[in-house]
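Open the model in your viewer and keep the sequence beside it. This tour says what to select at each stop and what is there.

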Amino acid sequence: VDVETGAVVREVPRQGIFQQLFPSPDGQYFCGTGNVGGKAWNIVRLGLESGELNPIHVFQSCTPDWFPDSKRLIYSSRPPDQKAHKGYGATQLWMAHADGTEQHLVYGDDAYHVYGGQSSPDGAYVLFTKSWPTAAAQRRREHPCSSCGCPMPRPSAGIAGNCARCT
């Protein structure tokens with residue numbers, strides 16, 4: 001849509017992409033999250049000129065984005081057969097070449113779900129968001145203040161104590 005006039009300039013069939021659509025820095029592709037090939041929550045690449053849809057990662061993935069070189073994607077994925085979260089697994093940060101090859105784990109922590117990965121302008125670093133820790137991880141890492149009950153770091157000796165407000 002032309003921003004000045006509001007006129008539709010071009011339409012591209014979404015082909016199962018339902019959210020998180022981002023253009024590549026070079027303007028050749030979009031990446032997004034879509035339901036394709038009978039599977040839900042996949043990372044796909046859509047050619048802007050050709051309209052060709054290529055699955056990048058199939059199975060429980062979301063929040064894709066581009067590296068500045070337009071040759072790599074970063075995305076969140078929850079691989080199957082994980083033991084964390086009673087078999088549900090933890091969402092991890094992955095990257096792949098834009099054609100779907102060379103997929104590998106960038107960051108994962110069984111205590112957290114990781115989403116929204118983005119590359120630094122030079123492609124050397126990524127940033128992302130993490131969920132609150134799971135209940136089990138929270139119990140391992142924190143204990144309640146003896147006075148007010150707020151969560152505070154678990155002392156290494158396991159001794160109960162008060163938070164800074166109650167001390």
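The stops below go from the whole chain to single side chains.

**Whole chain**

Start with everything selected, and keep in mind that this is a predicted model. Following the sequence, the elements come in the pattern β-β-β-β-β-β-β-β-β-β-α-β-β.

Now switch to a surface view. The protein exposes about 10100 Å², and carbon and sulfur atoms supply 55% of that area. Of the 167 residues, 37% count as buried. Among contacts between residues at least 6 apart in sequence, 28% join residues at least 24 apart.

**A four-stranded sheet**

Next, select β5, β6, β7 and β8. In what order do the four strands lie in the sheet? The order is β5-β6-β7-β8, the sheet is open, and the pairing is antiparallel. The edges are taken by β5 (61-66) and β8 (104-107); each has a single partner strand, so one side of each is left without a neighbour in the sheet. Neighbouring strands here are turned by 30° against each other on average, with direction ignored. Strands of a sheet pair through backbone hydrogen bonds, so display those bonds if your viewer can.

Which residue of β8 is the bridge partner of Trp-94? The partner is Leu-105.

**An aromatic pair**

Show the aromatic side chains. The whole structure holds three aromatic pairs. For one of them, select Phe-18 and Trp-41: their ring centres are 5.0 Å apart. Why is this pair called edge-to-face? The planes of the two rings stand at 90°, and planes over 60 degrees apart count as edge-to-face.

**Two charges over rings**

Finish with two more selections. First take Arg-72 and Phe-67: the charged end of Arg-72 sits over the ring of Phe-67, 4.1 Å from the ring centre. Then take Lys-130 and Tyr-112. Lys-130 lies over the face of Tyr-112, at 4.1 Å from the centre of that ring.

How values were computed. Residues are numbered from 1 along each chain as its sequence is written. This is a predicted model: local features need pLDDT of at least 70, side-chain atom pairs count only at pLDDT 80 or more; totals for chains, interfaces and linings use all residues. Side-chain values use heavy atoms; hydrogens and water are left out. Two strands pair if DSSP finds at least two bridges between them. Helices (H or I, at least four residues) and strands (E, at least two) are DSSP runs, numbered from the N terminus. Axes are lines fitted to C-alpha atoms, for helices over the stretch in contact, and angles run from 0 to 180 degrees between N-to-C directions. Rings of Phe, Tyr and Trp (its six-membered ring) pair if their centres lie within 6.5 Å; planes under 30 degrees apart count as stacked, over 60 as edge-to-face and the rest as tilted. A charge sits over a ring if NZ of Lys or CZ of Arg is within 6 Å of the ring centre and within 35 degrees of the ring normal. Buried means under 20% relative accessible area, exposed over 50%, partly exposed in between (1.4 Å probe, protein chains only). Contact means heavy atoms within 4.5 Å. Accessible areas come from the Shrake-Rupley method with a 1.4 Å probe; for residues, only the protein chains shown count as cover.
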